[in-house]
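Morning, everyone. Let me put the model up, and then I'll walk you through a few spots.

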Amino acid sequence: MADGGTIFLDEIGDISPKLQVDLLRVLQDRSFYRVGGSEEVKVDVRVIAATHVNLQQAVAGGKFREDLFYRLNVIEIRIPPLRERREDIPLLAAHFVEKLSHELGRSVGEVTEGALKVLLAHDWPGNVRELENAVERAIVTCRTGALTEDDFSFLSVNGAASRPMAIPVGMTMQEMEKVLIEETLRRNAGNIKESAAILGIDRSTMYEKIKKYEIVR
């Protein structure tokens, strides 16, 4: 079905050793036989594979074939964890509110400033899926037309949440980026290297933004 197009293989790090061998053969030969078939099928597809597993570690541990890893790892695209790109949280939250309120039949239309502070302060070990789940849970239990910090109180059940960032209403993306950098630097005692790593940018970019926004360290 994907011949002439693209096939997406999700969670590639979880496939069995047998399937790894079969997949490697298809990628090398660009052909396969259907189950029970005797006719060779030629295919020309672009393969995109995703994984939550560190495949290099899996190769070193003998859990993933090295030859298949190099066959797949032609171009690597790393998606940073959500805690390293907190500037995406307001946009994602708004998207999930619009999507899930419609699906759940609830008239919830916005995320308040207080709720946004809670979302920005959370570390999101489950990344975007956890955020979507949190928004869905909040919508289900929400008693008004807007999600407040009380609707996300469950996020700090397993420990006290860190001090939330102050995000005034009407803040632009550039202003929000400045606040985010300032807050990250504050939490890391001004350490450029650690702050840049958390934000998912390199140190040179971090220095440029500090200069651009005239941030006092």
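Ground rules. This is a predicted model, where local features need pLDDT of at least 70, side-chain atom pairs count only at pLDDT 80 or more, and totals for chains, interfaces and linings use all residues. Numbering runs from 1 along each chain as its sequence is written, and side-chain values use heavy atoms, leaving out hydrogens and water.

Start with helix H7, residues 173-187. Helices here are DSSP runs of H or I, at least four residues, and strands are E runs of at least two, numbered from the N terminus. Its buried residues include Met176, Leu180 and Thr184. Buried means under 20% relative accessible area, with a 1.4 Å probe and protein chains only. What do the buried residues of H7 pack against? Helix H4 (89-104), helix H8 (192-199) and helix H9 (203-212). Just after H7, Ala189 has a positive phi of about 55°.

Next, Ser31, in strand E2. Ser31 counts as buried because its relative accessibility is 8%. Its side chain makes a polar contact with the side chain of Glu40, at 2.8 Å. That term means N or O atoms within 3.5 Å, one able to donate a hydrogen and the other to accept it within protein; residues adjacent in sequence count only if both atoms are side-chain atoms.

Last, the rings. Which residue has its charged end over the ring of Phe154? Arg137, 4.0 Å from the ring centre. The cut-offs: CZ of Arg or NZ of Lys within 6 Å of the centre and within 35 degrees of the ring normal. Phe154 is buried, at 16% relative accessibility.

Definitions and conventions:
Expected span 1.5 Å × (residues − 1). Buried < 20%, exposed > 50% of the residue type's maximum accessible area, 1.4 Å probe, protein only. Contact = heavy atoms within 4.5 Å.
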